[in-house]
Amino acid sequence: MSSEHSRKPLAPIVVSAIGVVFGDIGTSPLYALKEIFNGHHPIPVTPDNILGVLSLVFWSIMALVTVKYVSVIMRADNRGEGGSLALLSLITENSRNRVVTWAVSLLGIFAAALFYGDSMITPAISVLSAVEGLEIVSPDFTRFVLPLTLVILTVLFFIQKRGTGTVGMFFGPVMIGWFAVLGLLGILEITRHPAVLTALNPAYAVGFITHHPSLAFLALGSVVLSVTGGEALYTDMGHFGRFPIRLAWFGFVLPALVLNYFGQGALLLNEPAAIESPFFHLGPNWATIPLVILATLATVIASQAVISGAFSVARQAVQMGFLPRMLIVHTSGAEAGQIYVPFTNWTLYLAVVALVLGFKSSSNLAAAYGIAVTGTMLIDTVLVAFVMVLLWRWHPLVVALVAGAFLAVDIAFFAANALKIPEGGWFPIAAGLVSFTVLTTWRRGRRLVRRELAKQGIPMATFLNALCDVHRVNGTAVFMTSSKEGVPAALLHNLKHNQILHERVALVTVETADTPHVNEMERIYLHRMNQGFLRIVIRYGFMEDPDVPQALQCCKRYGESFDMMETTFYVSRETVIPSVLGRRINPWRARLFAFMSKNATSATDFFRIPNNRVVELGTQLVI
């Protein structure tokens, strides 16, 4: 556990982790067994199949979540942070091989892209599966399922701009109640049919696979629903710490999930007809409405966690240069992690509404769900294999055995879900490819822009030697530049048109480190040059938001102070013109980059520079 988390009481952190981290995997019992036996590729509801599937579900949770993520991958933290982009930074920071860095970068970017596909499907399938419980109460309620789902989701996305701090304090207690109910319902049914516990024996899973290989392969496509959200344990590690998440998983969440799945299995052994909705049939008839309400609350919380995760990934992508600058709103003055990204929020909302209206049921959405999750898990295995070699220095044979075993399981699940591509699995692939194209296009375009600016620049030494006759005025000028070398274009334009310079000129570059956070003592690099010029490099972690005026106050330790009322900021805005020839980048990607560049949030707002102290100078670049 990080030092930041270790200073806080353990119990509140564990409660908060239960409320945020386990929402996705915690709501899987609503639809996982239902889809296995009653989905698009139904398995016959026989005692042998029920025990075999239960064993397969249990050991899938143990292999993919408990062993792979909780025990192994959570060791690969980047200064306490987790997730595909944090893992990517960890590898590129320690790799000296350009081919490895390039390949790993593409994998990490695609994993982040698949996460957006998952972020669209999770709210839709979770809330829809909970509201569908009304159909158990009465078939007359069926016509209300879609409208009510859309209302709940609309309210959820509209309240994002107000922040989740107020309602967030209820997440933990509600989810504790949810998992307690899961476990209690499971125990009550298991006590009636304790023989179901024999499915804990892995021999039942092995027997099911060997005796019915085709059925088992089809079942894997839905068994994966029981582990969706397992990757969130790693992604959210930076918010709560490794130990609290592990404690919550082993001490509370895992037992509750296993008890509920086996309770549903015990119910099916006695009443195969309950397969229409085994979760809601676990409780007595009078409890159906309360269960629907509790399930809806749990799925809303699970959706909120995914949406917040999408905001966090968007911020990381902006900081790491995979997305253009965009508006990021802090919804809490106390918690730095509580942010709201309007563009991401409304993009997700439109996609979620389209999914609900297009697929119309949780069963149809389940066909689209597995691809994104299994794809992300597969990429995580490949990335952590590099960590085993580069950072942990494991013996190649151990890496081959451990990563190979994980890879075999991941490939089996991914292949089984590939069968569902025509039935809806195409959606997360399409969403992932679109996101991947956007991320890589922006990164490629920025490299070309930097290269073009470097061509137009002149060496700093040559420039300083030519300043003898330039008129200097009082005050300080800060020129924002993406390069730590040469003369910024904005400075050359200003000198050409105004023919004056301030008595002190600071060339400021903001860099993003390969770490989540940067120590305040390492935030600033300051180099004094001739003619009153300063070269200042401000470093931020990929989980931090830049604030240039605040960072400049740290220069006092170097004997340099900045009075904002006497400082003028010069910012260059590049207008990108796509080249017709397209020699360095495809013309359509050049047009996409130009569009994103035009609609990016201004540097003034992104770096929190006072609007009344900014002079913006434009320049045109052909890529």
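**Buried and exposed residues in a predicted model**

A305 has a relative accessibility of 17% and counts as buried, where buried means under 20% relative accessible area, exposed over 50%, and partly exposed in between (1.4 Å probe, protein chains only). This is a predicted model, in which local features need pLDDT of at least 70 and side-chain atom pairs count only at pLDDT 80 or more, while totals for chains, interfaces and linings use all residues. Residues are numbered from 1 along each chain as its sequence is written, and side-chain values use heavy atoms, with hydrogens and water left out.

A305 belongs to helix 17, residues 288-319. Helices (H or I, at least four residues) are DSSP runs, numbered from the N terminus. Along the chain A305 and V21 are 284 residues apart, yet their C-alpha atoms are separated by 7.2 Å.

The largest nonpolar core comprises 172 residues. Such a core is a set of buried Ala, Val, Leu, Ile, Met, Phe, Trp, Tyr and Cys residues joined through side-chain atoms within 4.5 Å. Helix 7, residues 98-131, supplies the largest share of this core, with 16 residues. Among the residues with the most contacts inside the core are F22, W178 and F179. Contact means heavy atoms within 4.5 Å. Neighbours within four places in sequence aside, F179 is in contact with I18, F22, G26, F252, V253, A256 and L257. Another core, of 18 residues, lies apart from the largest one and includes F463, L467, F479 and A490.

Is F595 buried or exposed? F595 is exposed, because its relative accessible area is 55%. F595 sits in helix 25, residues 587-599. Between F595 and P578, 17 residues apart in sequence, the C-alpha to C-alpha distance is 9.9 Å.

Definitions and conventions: Helices (H or I, at least four residues) and strands (E, at least two) are DSSP runs, numbered from the N terminus.
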